[in-house]
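Subject: Structure handover

Hi,

Here is the structure you will be working with. Please open it and keep it beside this email as you read.

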Amino acid sequence: METLDKNTYYITTPIYYPSDKLHIGHAYTTTAADALARFNRLRGKKVFFLTGSDEHGQKIQRIADEKGLSPKAYVDQIVATFQSLWNRLNISYDDFIRTTNKDHETLVQRIFAILYEKGDIYKSSYKGLYCTPCEAFWLERQTTDGKCPDCGRPVEEVEEESYSFRLSNYSDKLLEYYKTHPGFIQPEASLHEMESFIKSGLEDLCVSRTAVSWGIPVPFDKKHSIYVWFDAVINYLSALGFLTAQDNRYQSFWPADLHLVGKEIMRFHTIIWPAILMALDIPLPKTVFGHGWLVIEGEKMSKSKGNVVDPNLLIDEFGADAIRYFLLRDITFGSDGNFSRDALIRRINADLANDLGNLLHRTSSMYEKYFPKEIPELAEELGEEKDLADFAAQIILEFETAMDALEPHIALEKLWTLIRRTNKYLDTTAPWTLAKNKDYSRLARVLYSVGEVLRIVSIPLSAVIPTSAAKIRAQLGLPKDCFWQEAKIWNGWEEDKRIIKAEPLFPRIEDEKETKDDKQNEVPKEEEIEFADFLKVHLKIATVLTAERVKGSDKLLRLEVDLGNEKRQIVAGIGKAYEPDSLIGKQLAVVTNLKPRKIMGFESQAMILAAEDAGNLAVLNPEKLVKAGSIVG
Ligand code: MSP
């Protein structure tokens, strides 16, 4: 049964096992779901975003036993760590479901009884294999050397009286459903995998255990507990009040728009869960998307390898927004992706500190400097602004399309082309020259246009890096809350507003490990040389941190530059060719081992390289961004 678009959006994450604390892989799924939830809220959809914990089953029972705790006492502790992590990561869930909630348990029992009455569940016995970490039943033919085909760990033999669900009856119906509902299983590769799994033969599914006591009892046969996966998938309905008097959530939100899961649990979500829903005769979710795995430097995360990444430590070090941005930007959604500290730092420095942070910082500094009091009337727009406006409008559309296609990595890639283009716009309109020529209304127009792009960009960003987006908006004098339609308007920012200066949005990260390595490789004391010894010159790339004129000189600028593992002051005679502001954030080639010189009372600790063409100076900068302190040679 198809439903009309009700302007609602129901998105879910898997409910995680509280067998241990969560790692970066879990944070990945939940961050993606959060960005999609926030994006749909922006578009005025009524969103219901569900996450939670899957608390029953053999795995939890065993761990609690090992710890000498009751399963409930054990999971209570771990679930508290889930909720704290989600708060720190700014996960805007609408409900957190625990499968030990009474309402959930009641619904699971009711559904079990309904399917038993209908004949879809029947009493039998089970003899086969079981993987406890995955809580999955396997047939001999599906395993290799007694190992679980999903996780590769050993399976156990199980022989028990059990109840079974007639899953085998649903093979044709499922295949037919897939065919008539393209887009139900995404990405495409996952669809093919599920089809061949069904075609290789579906057996009935064991849905109760007698050997496991930590579970929801079968209502009419209490020595059985309900199989944990049968219990777990029903969370998507129990959170909506399904089959209760308060089922308004169910009425508004079912069928779910998107179940977001990792690829290893697609089978449960696209075969078992739909078959249960078909047996209940209720509509199926619109899409189940299986994303890839996050691996650490190419390897699967595991406790035994000791490479499990704790998202809490990353948040402590880099902040939640940087982690959220990295996960969504760096990893192609749907494929496996690599998590590495170096890649994270590169993204923070290049995209967040340099492209976005610097755009905001440069522009706010210019507002402060050129218009400390009043902002003059804005000059008419020129072609440059019209082009920028067209580009922004196009990017906003592309962002929307990519998010709807579940491609957040592409959505962000597009958005950054706008941010970079706006940095270029600043370079080419050269506000410092406008200021010099006292063309204040044109200058005001240019700064306003950058502010306008930042206003637009802050809207999609509020779905991805909500804290930073709110900071940008505060600097623009805008409220935290925003709406998607506002991103489609040009000149929506009020003309008398300004960008208020603030702390840098994302400070550049100097990777300690790299810095240490650099130090080890460094000559302890640089050899001081005369100009004649030019061939011995040490050349490096410096990033300009601050730039100002030296009082009493129209030629000299005093710069503070970053050389990777140190900062230096440079006094350079480039003041006629460059406005100080235009240099901030730029990378320059410098000589680092000339004897320091005092110039007009300031010590110059390096020399900028510049080409001179009949008095016209041009500094040398690398063609693409490199680490400050990189050696030129
Ligand atoms: N409790 C079941 C899910 C029931 S849903 C009705 C479960 N829980 S789990 O704690 O094992 O979490 C599995 C989910 O965590 C995966 O589906 C995936 O979303 C996420 N991930 C776990 N490890 C991951 C990576 N290394 N990389 C990416 N996601 C990973 O299965």
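Below is what was found in it, from the overall picture down to single residues.

**Ground rules**

This is a predicted model, in which local features need pLDDT of at least 70, side-chain atom pairs count only at pLDDT 80 or more, and totals for chains, interfaces and linings use all residues. Residues are numbered from 1 along each chain as its sequence is written, and side-chain values use heavy atoms, with hydrogens and water left out.

**The whole protein**

Start with the outline. The C-alpha atoms fill a box of roughly 95 × 55 × 40 Å along the principal axes. The secondary structure comes to 20 helices and 24 strands. Both are DSSP runs numbered from the N terminus: helices are H or I with at least four residues, strands are E with at least two.

Of the 633 residues, 55% count as buried. Buried means under 20% relative accessible area; exposed means over 50%, and partly exposed lies in between (1.4 Å probe, protein chains only). The accessible surface comes to about 28100 Å². Carbon and sulfur atoms hold 50% of it. These areas come from the Shrake-Rupley method with a 1.4 Å probe, and for residues only the protein chains shown count as cover.

Now the contacts, meaning heavy atoms within 4.5 Å. Take those with a separation of 6 or more: residues 24 or more positions apart account for 75% of them.

**Two domains**

The protein is divided into domain 1 (340-488) and domain 2 (531-619). The bounds come from an automatic or database domain assignment. Taken over C-alpha atoms, the two centres are 29 Å apart. Where they meet, nine residues of domain 1 are in contact with six residues of domain 2.

**The ligand**

Which residues come nearest to the ligand? They are Ile15, Tyr17, Thr29, Asp54 and Leu294, out of 22 residues around it. A residue counts as near if one of its heavy atoms lies within 4 Å.

Next, look at the polar contacts. Such a contact is a pair of N or O atoms within 3.5 Å; within protein, one must be able to donate a hydrogen and the other to accept it, and residues adjacent in sequence count only if both atoms are side-chain atoms.

- Tyr17: a polar backbone atom is 2.9 Å from an oxygen atom of the ligand.
- Gly262: a polar backbone atom is 3.0 Å from an oxygen atom of the ligand.
- Leu294: a polar backbone atom is 2.8 Å from a nitrogen atom of the ligand.

Taken alone, the ligand exposes 670 Å², and the protein buries 92% of that.

Thr29 is found in helix α1 (residues 24-42). Its relative accessibility is 4%, so Thr29 counts as buried. Leaving aside neighbours within four places in sequence, Thr29 touches Pro14, Tyr16, Leu260 and His291. With His291 there is also a side-chain to side-chain polar contact, at 2.9 Å.

**Helix α2**

Helix α2 spans residues 58-67. Its buried residues are Gln58, Lys59, Ile60, Gln61, Ile63 and Ala64. What covers them includes α3 (71-88), β4 (121-131), β6 (156-165) and β9 (208-209). Just after α2, Gly68 takes a positive phi of about 70 degrees.

**Cysteines**

How many disulfides are there? The count comes to zero. A disulfide is a pair of cysteine sulfur atoms within 2.5 Å. Cys131 is buried at 0% relative accessibility, and Cys134 is buried at 18%.

Asn358 is in helix α13 (residues 341-370). Asn358 is buried, with a relative accessible area of 14%. Beyond residues up to four places away in sequence, Asn358 touches Ala353, Ile584 and Gly585.

Ile395 is in helix α14 (residues 383-404). Ile395 is buried at 2%. Setting aside neighbours within four places, Ile395 is in contact with Lys414, Leu415, Thr417 and Leu418. Take Thr417: it is 22 residues from Ile395 along the chain, yet their C-alpha atoms are separated by 8.2 Å.

Over to you.
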